[in-house]
Amino acid sequence: MNMKILPLVWNVNLGRQQRPVNNHTDYSQQRLSLLKNPQNDVFERSSISFKGERPEDVPASRAPLEKLYKYHLTCLCCGREMIEPEEIQKLANSGVLSCNAPEAIEILNKYEGNMHSVEKEVFGILKEKAKKYPDLNFQQILTLIKDEHEKPLIATQFGIFKMIEKASENINPELKKEIKELIEEEKQLILEGNNQFRRKRFVNKFEQILSGRKNSATKEHLIRLANKLPTAYEDKNAFIVKYSTKPADAIGIRLLSYSMCTIEHVRPKNPKTTNGENHLFNYIPECMRCNSFRQDRPMIQQLEEHPEMFFNSQRLMNRLVDFANRGKLSKWYIVKIQDRVKQESEGLLDLNIDNLNMSRKMRREYAKLQEDPVEPKYTVDDEMAELRAVYRPKTQQENTETEYRGDFNKKKSSKNKNNNTEDITPKKKTNKELKREQIKRLHQAKYGKKREETKRR
Ligand SMILES: [Zn+2]
């Protein structure tokens, strides 16, 4: 079996993301860089391959992201390099992993780096055992070693049940009885063989029993304990016992499937709470494990459970920005998803997209998005400082300049936006060139807005 894998040609520049401050909302800096590098625009125009530069031109489809799967994106949450679903599908369809363990291991070796920790541990055990039993397949090996892994599993499970019973000693006798009955039922299932215990099912029943009880420290404690029961994706013993009954190729696929690249809804698709839409602007690549583990819970919770997301999400975003700059992804997607991630993480994940090459037009639109209704972050002072730095050497005009700025600030704070710019130009000004520059800039700022309003009409 010759599975070819595309070499990783996209250079993830980790150094680039290390800027301590995310200043993408700082309009003045964007403008400054634009003034300094007018060729940015030329580059942007020549490289763009996405039609339209407006957000509404971006299709809702997830296809643009799916096309990037083959470049081995890293997971938003855990940061693992993800496997293209097509690759896993091909392996599953071929059934090739039913073969004896040594051959299956040869096929899976190249994916070892993609595997999650439990899968990697189990793969390690399979490799070890395959040396000793080269004629057995994955299932036969797991069956052979099942007992030695079931013992510690049962000890852990029964230990947690004991803790739950102890913690529920002081609650209402009715509930206590119900909990005891549920635990006895589950113990029975465990001892029947093949450890049919499933944490998800248990926790659901458990929470149902406690649902009538008002929130308290005891209830929280009980639920926390129930969630400590081992599952196949967190515990190698649970994995081995659970999968010892599955076909060999299913075991092989399971070692990879949780590392598969999937699409996550940044705003969860939960009609009861948020109803995150099915749109590219709400999609971000994430591995299957992180995706299914999060379910439809808020992103802020995922972040609390996985603070490594602070690093990993920026790493993925750098990659996506790179694709957008190469015309493989919409630039508006970058801007929108940056904003969406920030919203859903309650401002905590404020990803840096400074490296996105925006056209002049897009930059203007983007700046408008950034202006919140309260007050834009840049000030007239910033703008004037920029102008001075870029266009004017220090001269005797400095004094009149200060006077002029003070005057303008007053007008701005009175929110009278329809002021004629002529009125606020100092009469004492003698340097005509400077004056023209200033008027031109102010007009530009207003002109942009007016043109936008006319368009909407
Ligand atoms: Zn992940």
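I am working from a predicted model, where local features need pLDDT of at least 70, side-chain atom pairs count only at pLDDT 80 or more, and totals for chains, interfaces and linings use all residues. I number residues from 1 along each chain as its sequence is written.

Whole chain. I found 20 helices and two strands, taken as DSSP runs numbered from the N terminus (helices H or I, at least four residues; strands E, at least two). Of the 457 residues, 30% are buried, meaning 20 or more other C-beta atoms lie within 10 Å of their own, with C-beta atoms placed from the backbone.

First pair. I looked up H4 (residues 85-94) against H12 (residues 248-257): the angle is about 175° and the axes are 10 Å apart. The axes are lines fitted to C-alpha atoms over the stretch in contact, and angles run from 0 to 180 degrees between N-to-C directions. H4 and H12 are therefore roughly antiparallel, a label for angles over 145 degrees. Ile88, Leu91 and Ala92 of H4 make the contact with Ile253, Leu256 and Ser257 of H12; contact needs C-beta atoms, placed from the backbone, within 7 Å. I noted five nonpolar residues, one polar and no charged here (nonpolar: Ala, Val, Leu, Ile, Met, Phe, Trp, Tyr, Cys and Pro; charged: Asp, Glu, Lys and Arg; polar: the others, Gly among them).

Second pair. H7 (residues 138-167) packs with H10 (residues 217-226) at about 170°, axes 9 Å apart, so I wrote down H7 and H10 as roughly antiparallel.

Terms used
Parallel < 35°, antiparallel > 145°, perpendicular 65-115°, else oblique. Contact = placed C-beta atoms within 7 Å. Buried ≥ 20, exposed ≤ 12 C-beta atoms within 10 Å, placed from the backbone.
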